[in-house]
Amino acid sequence: MAQMAAPGFSYGSDDSGLVWGFLFRRDTTATPIGVHEALAWMREPQPEQFIWLHFNLSNTASERWLRGHAMLADEFYETLHQGSRSTRLELADNALIAVVNDVLHGFSLDSAEISTLWVHVTPQVAISARRKPLASIERLRQDVRQGAPLRSSSEFLIHLLRDQADVLVNIVREAVARVDAIEDRLLAGRLTRQREDLGSLRRVLVRLQRLLAPEPAALFRLLQRPPGWVDGDDRQDLRQATEEFTVVLSDLAALQERIKLLQEEIAARVNEDNARSLYLLTIVTVMALPINLIAGLLGMNVGGIPLADERHGFWIALGLVAAFTTVAGWLLLRLQRQR
């Protein structure tokens, strides 16, 4: 009996691991292409054109195809397997290599899932690869499909960095809205679970800032000595894109500081409430001390207990308790007024 072949997993890509591809011509909209059209174009590249190929690394055929046909710099493959995945942009063999940490497509502050995008850019070929769907690259694809003009591969990279900054801006806005709501509840005196919510949100923002912030040394070296095929306008745009990203990161740091201050305010209020409750418990204990003391003395089963044979002994003892309690209460009130 013949065995049925198990269907292979494509992970949203074709047999080579390609998710999508575009051919860009100057002053025209991008044209979708497949892996065969891309191979034919790379054999005979045309001037004033470049292609963008996006691969899914979850498909094991992706890296095989890249090593066999793309002729990428060795540093690109090294970054694919490095343990450290800090965001950076470097120059290697006249190619720009970007390691970009980005949030997943459909990101929420509750899950806060982040993955990595690897990009290899030369004057005529832009290669991007990821293992999970990411927000910035999907946003860039939507812009390309809607006719966004990209003059060069360097402009493609600049557009990607700006899209990532826009995604981060939206995250900061959502986080600010949450913090505003928590602050309003704090001012209204409703402190239920606010510290836990703020702590969780702050941990997410710290992780985002740590992973998404580009390495300043690598970025500084690139801005000082960019590759020769990046023209003056693209150099200025790249500098502006990094500055915009820096501004977003500073807003993220300011939001973390605001959350920290709110946490300190909530902690101070909780400590104040605890101190007030402890003070009230102390007052009740002191007020009850005469009652317990006299009840303990009169309750001893020994001879010579005063008022034992007195007809109105109970009321006399009750009066003594009331008198001592009143004196203790007066002393406590006097001390409270002095404080």
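1. The accessible surface of the protein chain is about 19,700 Å², and carbon and sulfur atoms account for 55% of that area. Accessible areas here follow the Shrake-Rupley method with a 1.4 Å probe, and for residues only the protein chains shown count as cover. The model is a predicted one: local features need pLDDT of at least 70, side-chain atom pairs count only at pLDDT 80 or more, and totals for chains, interfaces and linings use all residues. Residues are numbered from 1 along each chain as its sequence is written, and side-chain values use heavy atoms, with hydrogens and water left out.

2. The protein chain has 339 residues, of which 41% count as buried (buried means under 20% relative accessible area, exposed over 50%, partly exposed in between, with a 1.4 Å probe and protein chains only). Among contacts (heavy atoms within 4.5 Å) between residues at least 6 apart in sequence, 67% join residues at least 24 apart.

3. The secondary structure consists of nine helices and seven strands; helices (H or I, at least four residues) and strands (E, at least two) are DSSP runs, numbered from the N terminus. Seven strands form an open sheet of mixed pairing, in the order β2-β1-β3-β7-β6-β5-β4. Its edge strands, β2 (31–32) and β4 (88–92), each pair on one side only. Two strands are taken to pair if DSSP finds at least two bridges between them.

4. Most residues other than glycine have a negative phi. Glu48, not a glycine, has a positive phi of about 60°; Glu48 lies in the loop between α1 (35–43) and β3 and is exposed at 57% relative accessibility. Met71 likewise has a positive phi, near 55°. Met71 sits in the loop between α2 and α3 (74–80) and is exposed, with a relative accessible area of 76%.

5. Met300 lies in the loop between α8 (232–298) and α9 (313–338) and is partly exposed, at 43% relative accessibility. Together with Leu293 and Leu297, Met300 makes a nonpolar surface patch of about 300 Å².

Conventions:
Patch = residues over 30% accessible without salt bridge, like charges linked within 9 Å, V, L, I, M, F, W, Y side chains within 5 Å. Salt bridge = Lys/Arg side-chain N within 4 Å of Asp/Glu carboxyl O.
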